[in-house]
Amino acid sequence: MNILITGTTGFLGSFLAKYFSKNHNIIAQSRNNHSNENNNIQQITMDLNANLNLKKLGNIDTIIHCAGQAHVMSNKSTPLIHQYREANVLATINLANEAINCGV
């Protein structure tokens with residue numbers, strides 16, 4: 001099974017990528033380049049708010065969406081709330097729409 005896991009630089013995403021890589025093909029998404037000691041995990045750098053094209057990643061069977069921004073709501077300034085909504089709402093909607101378009 002080919003699994004795309006978003007947010008793999010975070011606590012949950014990194015754990016899930018490592019766990020599922022034992023039995024599945026993992027595509028690990030993050031916004032920034034990062035090193036990975038596990039050669040069974042394919043790393044990709046992709047902004048979920050950009051024009052996504054999941055078909056270029058191959059035949060993805062499942063998406064586990066762990067990407068998001070946390071610890072922002074304690075600061076009530078407008079730019080931070082905008083960043084929070086962009087990362088946690090708009091990016092999720094964009095990913096869901098692209099998944100639907102690709103039949104995932």
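Before looking at the sheet I noted that two strands pair if DSSP finds at least two bridges between them, and that strands (E, at least two residues) and helices (H or I, at least four residues) are DSSP runs, numbered from the N terminus. The model is predicted, so local features need pLDDT of at least 70 and side-chain atom pairs count only at pLDDT 80 or more, while totals for chains, interfaces and linings use all residues. Residues are numbered from 1 along each chain as its sequence is written, and side-chain values use heavy atoms, with hydrogens and water left out.

I found four strands in an open sheet, ordered 3-2-1-4 with parallel pairing. Its edge strands are strand 3 (41–45) and strand 4 (62–65), each of which pairs on one side only. I then looked at strand 2 and strand 3, which pair in the parallel sense over five bridges, and saw that S30 has T45 in strand 3 as its bridge partner.

Entry on Q29. I located Q29 in strand 2 (residues 25–30). Is Q29 buried or exposed? Q29 is buried, with a relative accessible area of 2%, where buried means under 20%, exposed over 50% and partly exposed in between (1.4 Å probe, protein chains only). Leaving aside neighbours within four places in sequence, I listed the contacts of Q29 (heavy atoms within 4.5 Å), among them L4, I5, G7, I44 and A67. I also noted that a polar atom of the Q29 side chain lies 3.1 Å from the backbone nitrogen of G7.

Notes:
A polar contact is a pair of N or O atoms within 3.5 Å; within protein, one must be able to donate a hydrogen and the other to accept it, and residues adjacent in sequence count only if both atoms are side-chain atoms.
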